[in-house]
Amino acid sequence: MFIFTLRRLNLFIFTMLVLTLISFSLSYLFPGDPVINLSGQLNSSEEQLALLNENYHMQDNILWQYWAYIEHIIQGDLGLSMSSQSPVLNEIMILLPATIELSLVALLIAMFIGIPLGFIAAIKHNKTSDNIILSVAMFGYSIPVFWLGLLAILFFSIGLGWLPSAGRISLLFEIDIITGVLFFDILLSDSPDKWQAFQDATTHIILPACVVALAPATIFIRLARASMIEVLETSYIKAVKAKGLSFKQIIFRHALRNALIKIIRHVGLQFANLVTIAMVTEVIFSWPGIGRWLIESIYQRDYTAIQSGLLVLSCFIFIVHILTDFIYAALNPLARGNKHGS
Amino acid sequence: MAREKIYQEEVFPSPFMQLWLIFRKTPTAMIGFVCFIFLILLAVFAPFLAPYSPVEGHLDMVLLPPAWHDNGNVSFLLGTDELGRDMLSRLMYGASLTFGLSFVVVIISLIIGVIIGSLSALTKGVKSSFLNHFLDVILSIPSLLLAIVIVAILGPGISNTVWAIVMVLIPQFIHITRYAVKEEFRKDYVLASRLDGASSFRVLYYSVFPNIVERLMSQATLAQSAAILDIATLGFLGLGAQIPLPEWGAILANGLERFYIAPWTVYLPGLSILFAVVATNLVGEGIRHALKLRKES
């Protein structure tokens, strides 16, 4: 486990280097002065500009500049947003939890719907229900997410009037931001109508979360199906069949756990996919998350925000990646490296 | 003179032909394939087939519903949008933008990816490990996010979108080519041709490529369905095709304001995207299914 941790740590440091390098080179690739792109200080005077140049080591060679950039990042200084002139880090800290909330809820929905369906398809391999589930899954990951979001709004919000179409919570409720995750904030707040606020937030999240969840759910269906089929063909399943265990016992006691483990490894990769889908969904549902903010900063040519937003978002995705790797390794001894005698 | 078969010669079809023979037997894959060919033809011949110009408005025919509607008009089969532009023509031209461009994008990135991938498969040591890590990092960033960043650097526009998606798709092809070439290089037939004195390049060209071409094709269909969705999404977000261009995502975004009074301006482009992606995925599924069956037989 120690070597595994070291390896992951190594990968993490390497990735961070590459990501910061990309984000640093963006300041040169974007139009305009690199130092202004890095700091976001648009209307600075001559002295301020000189000070900035000093701070970011702009006169020195490119390695020093990069080092100065990393120092700034470590100190938590991501520059000012060009459009609002407030620190980018503060904005991200408010927006990122909203995205995390949406994507986690969507991930849970996707897993709870996708994995059981995939298992059912695998158990009924090559029968009608398998084919139906597979063709539904095919449509699921072919639907463009923005179109699906619009249809969902048209049907559930405008047509049936069941669920709200935009935002995170009704503006009537005043919730102080403590953690940034709305559900925790509501529970922590001492407002008298806490439960109404909670219900309202729940109705707001259902529609966007379901829209985000559809494509990953279909991928989970396929993953779950493939891994279950693989497990059902192994010799230990044949052995328990020969022992005369009932079908239910075989599935629940032996096959399920081994099939689940293989899926967990893919959760990290799917998460990256899910966050991108969430970005587009945020635009449609006016969800105050980092994706909408990032796309708006492209419209406004807010280069500092694009640069830092990309860095934070990809860092976040990568951390989830590594976390799932760890969970996978903790659950599956085989993944921790070759054992003696194997 | 017809050549008669005197000997009962056993004919072994080439791997590619074997794949085609299995592929042909799956009805869903064939339906997808026909739709795929249809879309390609549409993309190429849209200017000759479309009844009207995609940008020219008919101001007396504004917001006309599709022909099967009570208020519809047969000369505008799928209705018109808020400027009286014929939806059918716009969608047909859109096929050459969204679908046709995605096809071109995939071909370009396939070629670049295969060249880099097969060269890198021949390298060993630090260079190879660096490339591996680097690819891992790039592949862990979602394609759309990367495309959005590249578009942010280059500025919005359809040609920039194309370059962005080409760049985004290249790592996938490098990865799969590298993996496939390395796997083939371990096999005995490669060793045999090495013993015959073939250079690495010759082995690659004559022995390895014919054996991995189907895997590349299956990856290409995956890449194309992603490319269609990415082009459409960027168009929808206003970062890709700009306003008068009839790109499907852009048409959809355009119809958004009149969503409730003219739902067909949103339904139809969405359905077209769905159709294109499903057709591509069906072909891809068919290839993968056939590959699996060929391996088993």
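In which crossing does H5(B) pass H8(B)? I will come to that after the two chains.

This is a predicted model, in which local features need pLDDT of at least 70 and side-chain atom pairs count only at pLDDT 80 or more, while totals for chains, interfaces and linings use all residues. Residues are numbered from 1 along each chain as its sequence is written, and chains are lettered from A and ligands numbered from 1 in the order in which they are written.

Chain A first. Its secondary structure comes to 13 helices and 0 strands; helices (H or I, at least four residues) and strands (E, at least two) are DSSP runs, numbered from the N terminus. The C-alpha trace of chain A spans about 85 × 60 × 40 Å along its principal axes. Of its 342 residues, 38% count as buried. A residue is buried if 20 or more other C-beta atoms, placed from the backbone, lie within 10 Å of its own, exposed if 12 or fewer, and partly exposed in between. Among the contacts in chain A with a separation of 6 or more, 70% are between residues 24 or more positions apart. Two residues are in contact if their C-beta atoms, placed from the backbone, lie within 7 Å.

Chain A has a domain assignment, giving domain 1 (15-74) and domain 2 (93-331); such bounds come from an automatic or database domain assignment. The centres of these two domains of chain A, taken over C-alpha atoms, are 36 Å apart. In the contact between them, domain 1 of chain A puts in 10 residues and domain 2 of chain A puts in 8. On the domain 1 side, helix H1 (residues 2-29) of chain A gives the most, with 6 residues. By class, that side has 3 nonpolar, 7 polar and no charged residues. Here Ala, Val, Leu, Ile, Met, Phe, Trp, Tyr, Cys and Pro count as nonpolar, Asp, Glu, Lys and Arg as charged, and the others, Gly among them, as polar.

One residue of chain A as an example. A:Asn53 lies in helix H3 (residues 46-55) of chain A. Because 14 other C-beta atoms lie within 10 Å, A:Asn53 is partly exposed. From A:Asn53 to A:Trp67 there are 14 residues in sequence and 14 Å in space, C-alpha to C-alpha.

Now chain B. There are 10 helices and 0 strands in chain B, and its C-alpha trace spans about 75 × 60 × 30 Å along the principal axes. Buried residues make up 45% of its 297 residues.

The two chains touch through 29 residues from chain B and 32 residues from chain A. On the chain B side, the elements that give two or more residues are helices H4 (126-140), H5 (143-154), H8 (200-236) and H10 (264-296) of chain B. H10(B) has the largest share, 7 residues. That side of chain B divides into 23 nonpolar, 6 polar and no charged residues.

Back to the opening question. H5(B) passes H8(B) in a right-handed crossing, a crossing being right-handed if the near helix is turned clockwise from the far one by less than a right angle, and left-handed if anticlockwise. The contact is made by B:Ser143, B:Leu144, B:Ala147 and B:Val151 of H5(B), and by B:Ala226, B:Asp230, B:Thr233 and B:Leu234 of H8(B). These count as 5 nonpolar, 2 polar and 1 charged.
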